[in-house]
Amino acid sequence: MLYAFKIASRYLTASKAQTALLVLGVAVGVFIFIFMSALIGGLAEFIMARTAGDISHVTLQAEPVDPVLLHSFTGTTLLVQEPSTQKDALRDATNFLSLITDLPQVKAVSPQIAGSGVLRRGTKVAQVSIIGLEPGQESAILDLAGYMVGGDVQLRSGVVLLGKQLAEDLGLTLGQSVQVQSANGIDAALSVTGIYQIGAGGLDRRSIYVSLSTARTLFAMPQGLTRIEVKLFDLYAADAVTAHITALTGLPAKSWTEDGAQLLEALSAQAQTGYFLKTFAMITIIIGVASSILLSTYRRRPEIGIMRAMGASRRFVVLVFVLQGALIGLLGGLCGAAVGYLALLPFPTRDAFRSGTLPIDITQGSYGLAIALTFIGAVAASILPARAAARVDPVTAIGQ
Amino acid sequence: MTLLTVANLVKTFGSEQTETRVLRGLDLTLEKGQMAALLGPSGSGKSTLLTILGTLMQPTSGQHTMLGVDLTRASDADLTQFRNQHIGFVFQFHNLLPDFTALENVIFPTAIRDGRETAKARACGAELLIRMGLGERVHFPAANLSGGQKQRVAVARALMNAPELVLADEPTGNLDRASALQVMDLIGQINRDEGTTFLISTHDEKIASTCKRQIVVADGKVSG
Ligand SMILES: Nc1ncnc2c1ncn2[C@@H]1O[C@H](COP(=O)(O)OP(=O)(O)OP(=O)(O)O)[C@@H](O)[C@H]1O
Ligand SMILES: [Mg+2]
């Protein structure tokens, strides 16, 4: 082994330019592998942070109660149903809040009262959904604080937070007052203390945030909640936690994955693409190493014959060429990983991703995996040519 | 004392239509310490005989024993080890590993045997090179040596594991007369000093005359 290693490394150093080129080729493959890993990983992280990371992972909300039809008619019937506010849906929910909060997987819990209403200013009217949040926990689920573009996020009774779009539509600015009427017909005059911009047009136009107590007044709910939103540390644990919460509280809970299936599919498709590209990078490395080792065995045929005549075993010859492959794989892997790491350094860290920049996550480069796979691939790639080399007839190889 | 015997040795190449019968029931015995030249016209089968004796090729039929070992029945792994310990080779071309120094080439058989290059092997190899008149070229890359120097390195390497038999296939074939005689002189010295058996194929009568025994291959058999 030791002596075979000496021969192998001498063969590599004897043709330096060729070896350097080969190592470079392997390194490029490893670099692509690492770059793809960091990009796909970072992209997934980014998309998750922007979507699933910003929504409720487990939502407790009563199913809307379908009104019972008292008379049945013949012929075509047109039914008109007012949006239900599900008033007594989660009457006991407050009792379970601490129970849910204490679950180890739970990161934050947001008790809410939500319903529909209209916003009026002068002649302008907008249909909105009104969400009542616990003051001090405005950013428990959606990172409202991070989206504020004016005023502050702090909710008190008598104040409202609006999306930028909505504020523009109604011509509202900070500090101005606006009339809110809930679906229950209760009016309130609220002053605008914060304007946010989430970017998703719908939310900026459709939702307004008030304090939980304001919402209680608006929807005439002195107690109870309409929904509880729960955020988890690990959003992939949502299904299990949902089942657990349902069992624990008896309340109807829903995991984000029910509606987020498409997102998960997209992410998995993206990961698949990454696997494909990484597999191709590996195949390129393997073909490159295999062909160069094959070439080397042809070029060194007479030498193989001499070694065999001098009493070198077939195993020794195999070892000489496999070790060459291994050395190339290791060198290429290390160089590629080092260059990959350096190339990823200038990209912003995962916490500082901004729209418009490539969300590359340097911590997801799979450096160890890339080096290990390259090493294994290079060894595997050289085994066949090395075995063929060991089987050459020494007499014809020496060519006497 | 008998070193090796081959009896009724047959070697044919190719399949039925293109069959070439090179050795046709050849018998030969070599005694320990002999210095023998192998003569015969081109294509008579000298190289074929040497590669069979060197266990690099199996005969089509016939017996081949050396040091009491039946070599026609041994496995490739056994033959490889046998070669390493008991047989040295000197070829006409392609003798050395060009990317290694003269010394590294010389100690190759010993390093294969030991699994690494030992200090003892290095000392022994250097001594052999000095004896071959190559004291100045010990750490010289093999690729940069002259033809005669290469052959002398090859002789040193063939002797490294102190084999009983050294087979040389036209070792002086592409050397000028002076270098050829120098190589033969060194071989003669080793033969006298160490009692190593040499079998040397050559076309050169003058080279052959430096050997005590002349074996001539003709029509697939030997005389002499
Ligand atoms: N592998 C082979 N396949 C087919 N024929 C072969 C093979 N090796 C040798 N021969 C044939 O066997 C015969 C003897 O060849 P060999 O090389 O032993 O002759 P030689 O006596 O060494 O000749 P020279 O003096 O020219 O070196 C030749 O006719 C050659 O063509
Ligand atoms: Mg010949």
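User: What are the ground rules here?
Analyst: This is a predicted model: local features need pLDDT of at least 70, side-chain atom pairs count only at pLDDT 80 or more, and totals for chains, interfaces and linings use all residues. Residues are numbered from 1 along each chain as its sequence is written, chains are lettered from A and ligands numbered from 1 in the order in which they are written, and side-chain values use heavy atoms, with hydrogens and water left out.

User: OK. How many residues of chain A are in contact with chain B?
Analyst: 25, and they touch 29 residues of chain B. Contact means heavy atoms within 4.5 Å.

User: How many salt bridges between chain A and chain B?
Analyst: There are 6. A salt bridge is a side-chain nitrogen of Lys or Arg within 4 Å of a carboxyl oxygen of Asp or Glu. One of them joins K6(A) and E117(B), at 2.7 Å from N to O.

User: Which element gives the largest share of chain A's side?
Analyst: α1(A), with 7 residues. Helices here are DSSP runs (H or I, at least four residues), numbered from the N terminus.

User: New topic. Which residues have the most contacts inside the largest nonpolar core?
Analyst: F316(A), F321(A), F108(B) and L199(B), in a core of 83 residues. Such a core is a set of buried Ala, Val, Leu, Ile, Met, Phe, Trp, Tyr and Cys residues joined through side-chain atoms within 4.5 Å. Buried means under 20% relative accessible area (1.4 Å probe, protein chains only).

User: And which helix gives that core its largest share?
Analyst: α11(A), with 11 residues.

Definitions and conventions:
Helix = DSSP H or I, 4+ residues; strand = E, 2+ residues; numbered from the N terminus. Buried < 20%, exposed > 50% of the residue type's maximum accessible area, 1.4 Å probe, protein only.
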